[in-house]
Amino acid sequence: MASAAATASGAHEAHEHHHYTTTGLDHRKIAIWAFIGSECMLFASLISTYLVYKGRSVVGPFPHEAWTSPAGQVFKPILDIPVTSASTFVLLMSSLFMVLALAAVEGKGKPGYEGVLGSSKFWLLATALAGVTFLGFQAYEFTSFVHEGLTIRTNLFGTSFFTLTGFHGTHVAVGVLWLMTLLFIDMKRGLGPRDAIIVDICALYWHFVDVVWIAIFTLVYLIK
Amino acid sequence: MTTDRAHADHAHEHPTWKQYKWVALWLTLITVAEVWAYYIPAFVASKAFVPTLLIMSAVKFTVVVMFYMHLKYDHKLFRALFTGPLVIAVCTLIAFVFLFAYVPVG
């Protein structure tokens, strides 16, 4: 009886800890890749909308050209490339921090993973801070655009730009919350090699947010 | 069995720290090149500007997906789950852009 109970308990434990599908792959990882695939389509639709409406705004401000309103008010090109380049760099570096966080979790307790460089807490915090910095840049950009006369209702550029970058910013914010949750778990009970899958899933999401920005930076900001 | 599954799923080969840092350096250099290109008026006016930026962006995209997202080292199913929708998304994007390019402004 006791043996049967122990077997049942063991089976339950195994069921709880191993989330494998018939493919032999963890279903959480399959799910995140399927989700990322669907997200590709979401962002492609938003980028398509931006590109279709590109250059079709009847009134300014415009992204790359100056504009004089009928009242004689002069608007300079609205996009601030140096500021956006800095935020792009921050997001790229956050991806580096994220892979180092995953490597630290996978290598915990192994030689070569001692000190700050092997600290998953440090790299998770660095990634989250980089994400918050990116959001700060975006908040600054949105605020300055509104002060310069571009809102989501001003013209087609404003509508498609704020929708696209706003959706991306929301994804970054969700990623930051996810990272903070992992950091909280790490501080509470510690993350080790057996938790690598939950950090890996968060990392995949974070890198996807990064690759979307790589596309947005070129298509929206750099191509005139 | 569990060990086999774990091996198939997660214990795949990952890049080393050194490779991660090289990847970050290349991503930074390509970004610098992109921004630099933006500030060269003669290059911006040339026909090479847009294709060059698109190629540099595609290289950055691919590098992040292959090395940071480990798709180069991961199971084929994950590659299919990502590249399938990505190809559909990119084809849809190109189709829309060409379709609406002929709609008059205003």
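Student: What does A:Val99 touch, not counting residues up to four places away in sequence?
Tutor: In this predicted model, A:Val99 touches A:Ala203, B:Tyr20 and B:Tyr68. What makes these contacts is the cut-off: C-beta atoms placed from the backbone lie within 7 Å.

Student: Which residues have the most contacts inside the largest nonpolar core?
Tutor: A:Val99 is one of them.

Student: Why is A:Thr88 called buried?
Tutor: Count its neighbours. A:Thr88 has 27 C-beta neighbours inside 10 Å. The cut-off for buried is 20 or more. Therefore A:Thr88 counts as buried.

Student: Where is A:Thr88 found, and what is it in contact with?
Tutor: A:Thr88 sits in helix H3 of chain A. Leaving aside neighbours within four places in sequence, A:Thr88 is in contact with A:Trp213, A:Phe217 and B:Thr31. A:Ile214 is 126 residues from A:Thr88 in sequence, yet the two are 7.8 Å apart in space, C-alpha to C-alpha.

Student: How many residues does the contact between the chains take from each?
Tutor: It takes 43 residues from chain B and 45 residues from chain A. On the chain B side, helices H1 (2-9), H2 (17-38), H4 (49-68) and H5 (76-100) give two or more residues. H5(B) gives the most, with 15 residues.

Student: What is the make-up, by class, of the side of chain B that touches chain A?
Tutor: That side has 30 nonpolar, nine polar and four charged residues.

Student: How many helices and strands does chain B have?
Tutor: Five helices and zero strands. Along the sequence, the pattern reads α-α-α-α-α. Buried residues make up 26% of the 106 residues in chain B. Among chain B contacts with a separation of 6 or more, 55% join residues 24 or more positions apart.

Student: Where in chain A does pLDDT stay under 50?
Tutor: Over residues 1-16 of chain A. The model has zero contacts beyond four places in sequence for that stretch. Where pLDDT is low, the predicted coordinates should not be read in detail. For chain A, the mean pLDDT is 89, and 91% of residues reach 70 or more.

Terms used:
Residues are numbered from 1 along each chain as its sequence is written. Chains are lettered from A and ligands numbered from 1 in the order in which they are written. This is a predicted model: local features need pLDDT of at least 70, side-chain atom pairs count only at pLDDT 80 or more; totals for chains, interfaces and linings use all residues. Two residues are in contact if their C-beta atoms, placed from the backbone, lie within 7 Å. Helices (H or I, at least four residues) and strands (E, at least two) are DSSP runs, numbered from the N terminus. Ala, Val, Leu, Ile, Met, Phe, Trp, Tyr, Cys and Pro count as nonpolar, Asp, Glu, Lys and Arg as charged, and the others, Gly among them, as polar. A nonpolar core is a set of buried Ala, Val, Leu, Ile, Met, Phe, Trp, Tyr and Cys residues joined through C-beta atoms within 7 Å. A residue is buried if 20 or more other C-beta atoms lie within 10 Å of its own, exposed if 12 or fewer, and partly exposed in between; C-beta atoms are placed from the backbone. pLDDT is the predictor's confidence in each residue, from 0 to 100.
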